[in-house]
Amino acid sequence: MKPPPPLQLVTDPASVLHQRARPVRIFDGALRRLVDEMYIRCEEWSGVGLAAPQVGLNLQLAVIVYEDRKFAMCNPELLSGEGEVDATEGCLSLPGMAGIVRRFEQVTVRYRNPQGRGMVKNYQGWLARIVQHESDHLQGMLCRERLAPGAVFEIVPEDEEEVS
Ligand code: ZN
């Protein structure tokens, strides 16, 4: 059997980015191999998060690789959010563009890890922003649709930080 081809980045306007992804139901070795490959691609593409729809897969799975944190969320659900913060956000699937997005400052999220274990976690600051950005991807929502009032999504210089 030939190995599967490497994951490819999908960019807007691919339809997979605009539909609600299917929940993960089977937590097996194949899922964990996919997670491992997504970690590799996320780092290779200099993202801090990567959602399965961004590699063309209709699945509620996202990985986050930020500072010393590296974890995967399956079927994430935002249980609560507090505070509001506006910051510039971009996306690997919207290359070269960014805009000011309003997000909760703190969130509580429920998800399953790649072993299928239920988790409830609290995130703050930039990590909370990444979690919200990736959870949005799994609902078919891009950060361009979450702009702060009056903000515009526009071309940015190549060297600016991107969320994912
Ligand atoms: Zn993104």
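Predicted model: local features only at pLDDT ≥ 70, side-chain atom pairs only at ≥ 80, totals over all residues.
Start by selecting V120 and showing its surroundings: beyond its neighbours within four places in sequence, V120 is in contact (heavy atoms within 4.5 Å) with L79, T108, V109 and R110. V120 sits in strand β7, residues 118-124; helices (H or I, at least four residues) and strands (E, at least two) are DSSP runs, numbered from the N terminus. V120 is exposed, at 53% relative accessible area, where exposed means over 50%, buried under 20% and partly exposed in between, with a 1.4 Å probe and protein chains only.

Residues are numbered from 1 along each chain as its sequence is written, and side-chain values use heavy atoms, with hydrogens and water left out.

Next, zoom out to the protein chain. Two helices and eight strands make it up, in the order α-β-β-β-β-β-β-β-α-β. Buried residues account for 46% of the 164 residues.

Then go to the largest pocket, with about 250 Å³ of space. On a 1 Å grid over the protein atoms alone, a pocket is an open set of points with protein on both sides within 12 Å along at least five of seven lines, and lining residues have an atom within 4 Å of a point. Grid points are joined across faces, edges and corners, and the volume is the space filled by probe spheres set on the points. Select L78, F104, Q132, D136 and R146, the closest to the pocket centre among its 13 lining residues. Colour β3 (69-82), β5 (94-103) and α2 (125-138) too, as each supplies at least two lining residues.

Finish with some backbone stops. Most residues other than glycine have a negative phi, and most peptide bonds are trans. In the segment before α1 (29-44), find P13; the peptide bond from D12 to P13 is cis, with omega near 10 degrees. Move on to S46, in the loop between α1 and β1 (49-51), where phi is positive at about 60 degrees. S46 is exposed, with a relative accessible area of 57%. Last, select E67 in the loop between β2 (61-66) and β3: its phi is also positive, near 50 degrees, and E67 is exposed at 68%.

How values were computed. 1 Å grid on protein atoms, 1.4 Å probe; cavity = no way out; pocket = protein on both sides within 12 Å on 5 of 7 lines; lining within 4 Å.
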